[in-house]
Amino acid sequence: MTEARIADSYKRNWGAALRALRKLLANGDDTQQVFIIMRSLNGTSTRKGYDRLLQDPAGARMAYERVELAERLSDPDYVAGFAPGTLGAAYRDFLAETGYTAAGLVEVSNIDNPLEQIRHPYAWFGRRTRDVHDLWHVLTGYKADETLGEAALVAFSYAQTGGLGWAWIGAGAALKSLRETKSTLFAKGVWEGYRHGKQAHWLLGEDWDVLLHQPIDEVRARLNIREPVAYRRAQRELGAALASYASKQKAKAEAQAVDAALA
């Protein structure tokens, strides 16, 4: 039964992907649609990624150990233990700033996803790919609660993983931006994300349990994570046009809290 499910997961479902993309473009914070698109279009990319991991001795060890990153990143004591200046400390700041959690990402991805609970190496590698998403936000500098930041990171992720679902989302967001912003700056930021993903080391082959304890600047340098120049320019020049629903809701909640404190 599990092998059949794994085999079925390689089949592309263009109709489901298109429906999910329309919903995602209408509401960029409907994260569930991201996982529907991934499952609909990523095909054999997870299997190929896992097989690539096995080619390196360190990767083979990680595959043998099968650490569940979401469990580590959901442990408050683990997250609190990172020294200042490390990637882990930056991730801790990210969680505090956004209100996101590793467990929250797991919960969204589990909706209507029977593959999640399968005890299979490919399923584990798929969870690993999901669980590093927010770490990649921190490492690349692409904001998580911003439309452009997410679009640039999915383009980066396509270059890293080869999963067509990532390309589908990034291209859809870039095309929509041409109409919404009347500018190519957003699309250039997305394209830059793809190029930087191609230039960087293969991040899914890294031991994140080790990287989290290392100085973030050193990690970026070693893994060839480039400064996102086009992305920063789009941020400056497009401004509020990039704000996502989550950003607006956060700003509204903060304003309401200030008003309540002054009342």
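Predicted model: local features only at pLDDT ≥ 70, side-chain atom pairs only at ≥ 80, totals over all residues.
1. Setting aside neighbours within four places in sequence, Leu-73 is in contact with Tyr-78, Val-79, Tyr-91, Ala-102, Asp-131, Leu-135 and Leu-212. Leu-73 sits in helix 6, which covers residues 69-73. Is Leu-73 buried or exposed? Its relative accessibility is 4%, so Leu-73 counts as buried; the cut-off for buried is under 20%.

2. Now compare sequence and space. Leu-73 and Asp-209 are separated by 136 residues along the sequence. Their C-alpha atoms are 9.7 Å apart.

3. Next, the cores. The largest nonpolar core holds 50 residues. Tyr-91, Leu-139 and Trp-208 have the most contacts inside this core. Which helix gives the most to it? Helix 12 (residues 147-161) does, with six residues. A second core is separate and has eight residues, among them Ala-20, Leu-21, Leu-41 and Trp-166. In soluble globular proteins, nonpolar side chains tend to be buried together.

4. Beyond neighbours within four places in sequence, Trp-208 is in contact with Leu-69, Leu-87, Arg-128, Val-132, Leu-135, Trp-136, Leu-139 and Leu-203.

5. Finally, a helix pair. The axes of helix 13 (residues 164-181) and helix 14 (residues 185-199) come within 8 Å and cross at roughly 160°. Angles over 145 degrees count as roughly antiparallel, so helix 13 and helix 14 are roughly antiparallel to each other. The crossing is left-handed. Helix 13 makes the contact through Gly-170, Ala-173, Ala-174, Ser-177 and Leu-178. Helix 14 uses Phe-186, Ala-187 and Val-190. By class, this contact has six nonpolar residues, two polar and no charged ones.

How values were computed. Residues numbered from 1 in each chain as written. Heavy atoms only, no water. Core = buried A, V, L, I, M, F, W, Y, C linked by side-chain atoms within 4.5 Å. Buried < 20%, exposed > 50% of the residue type's maximum accessible area, 1.4 Å probe, protein only. Helix = DSSP H or I, 4+ residues; strand = E, 2+ residues; numbered from the N terminus. Contact = heavy atoms within 4.5 Å. Axes fitted to C-alpha atoms, helices over the stretch in contact; angles between N-to-C directions. Parallel < 35°, antiparallel > 145°, perpendicular 65-115°, else oblique. Left-handed = near helix turned anticlockwise from the far one by under 90°. Nonpolar A, V, L, I, M, F, W, Y, C, P; charged D, E, K, R; others polar.
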